[in-house]
Amino acid sequence: MKKTTIKDIAKAAGVSIATVSYILNDVKTQSISNETRVKVLKIAQQLKYVPNRTAQSLKIKKTGLIGILVFRDERQSPWAEFKYAKTISKIEQQCSALGYHVIFIQIDDTAPSYKVIIERNLDGVFLMNVDQERFATITPYFGFGIPVFVVDSYIEDSLFHKIMPDVEAAFQRSRALLDEPPQFLVMDRYNNEQWTGFIKQASGLPDDRIHVYEHRRGMEAFLAKFEGLPGIVMNEFIANEAVQAHPNLIAWCTCHCPDIVGEATARVSFNLDEYAAFVNVMNSFIYDVEYVHEEKFLKLPVSS
């Protein structure tokens, strides 16, 4: 298969080779519109352009900035502000230990603005709870060679690393705690449909035994169908509501706040300390042009 060149990108984008070179190498001295920049980067991705990382590393100055972008949705739950608080804190802690500064941005669902991404030359990016459509929209704003890790999102692109709780191990742990298979699953709501589908499939339960949380009333109506039967509730904040109507459940602490779960409720937690390894992987991509990390699924192991 023929390797894509900047000439191919220039032809497809209808711009000069020099313009493509300026954009791919993030040259700031040239006046190029954001619209053209995004168009060229998007075409380069579509054509699967692979830059010369060695040459690129010599040209691009590191800024020491890591971006954490959290994608909001239209229906914010009461605990939305806490959902990724512990994760963000852990990433910031690990990045700081390596000498990075972290920029935190919330992306609105109704009128997203990516201007700040263009203004800041980020060395690496964590995208949290991003759906496939907005992922495709935002990634052209990042320069080539910039490592992008997605959290709680199943992105169908082998170029990007995915960080997610090890749900398969969590289901195994839950079965052991219950001493029998769970009869139902109450799920947290995620923007990424592929990630939601992955969890459903891993549960082994039919759709009529799975409920995606929208509001308390709907959840309680669902739980009433399984009176006395054991099940799983993802998200400890949801579990605290559910246990009042249905005490026979296991709480998955996906927000990493196990202490809010009552002592009488069994729980499954995930090891946030694994982010030290994940941040180190990103750091290796930033500073070592020859670095390769074949495993694209980075899983948070079950810790309890």
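## Lining of the second largest pocket

In this predicted model, helix H5 makes the largest contribution to the lining of the second largest pocket, with a share of 3 residues. H5 (80-83) is one of four elements that each supply at least two residues of this lining, the others being strand S1 (65-71), helix H6 (85-97) and strand S2 (101-107).

The second largest pocket has a volume of about 350 Å³, and of the 22 residues that line this pocket, Gln-76, Ser-77, Ala-80, Glu-81 and Lys-83 are the closest to its centre. By class, the lining of the second largest pocket comprises 10 nonpolar, 4 polar and 8 charged residues. At the level of domains, domain 2 (65-164 + 272-300) and domain 3 (167-269) each provide at least three residues of the lining of this pocket.

## The second largest cavity

When the whole structure is searched, 2 cavities of 30 Å³ or more are found, and the second largest cavity holds about 90 Å³ of space. Its lining is made up of Tyr-84, Thr-87, Val-151, Asp-152, Met-164, Pro-165, Tyr-190, Thr-254, His-256, Phe-270, Tyr-275 and Leu-300, which divide by class into 8 nonpolar, 3 polar and 1 charged residues.

## Crossing of helices H1 and H3

Two packed helices are described by the angle between their axes together with the distance between those axes. For helix H1 (residues 6-13) and helix H3 (residues 34-46), the axes come within 9 Å and cross at roughly 125°.

An angle of 65 to 115 degrees would count as roughly perpendicular and one over 145 as roughly antiparallel, and H1 and H3 are therefore oblique to each other. The crossing of H1 and H3 is right-handed.

Technical notes: Residues numbered from 1 in each chain as written. Predicted model: local features only at pLDDT ≥ 70, side-chain atom pairs only at ≥ 80, totals over all residues. Heavy atoms only, no water. 1 Å grid on protein atoms, 1.4 Å probe; cavity = no way out; pocket = protein on both sides within 12 Å on 5 of 7 lines; lining within 4 Å. Points joined across faces, edges and corners; volume = space filled by probe spheres on them. Nonpolar A, V, L, I, M, F, W, Y, C, P; charged D, E, K, R; others polar. Domains from an automatic or database assignment. Axes fitted to C-alpha atoms, helices over the stretch in contact; angles between N-to-C directions. Parallel < 35°, antiparallel > 145°, perpendicular 65-115°, else oblique. Left-handed = near helix turned anticlockwise from the far one by under 90°.
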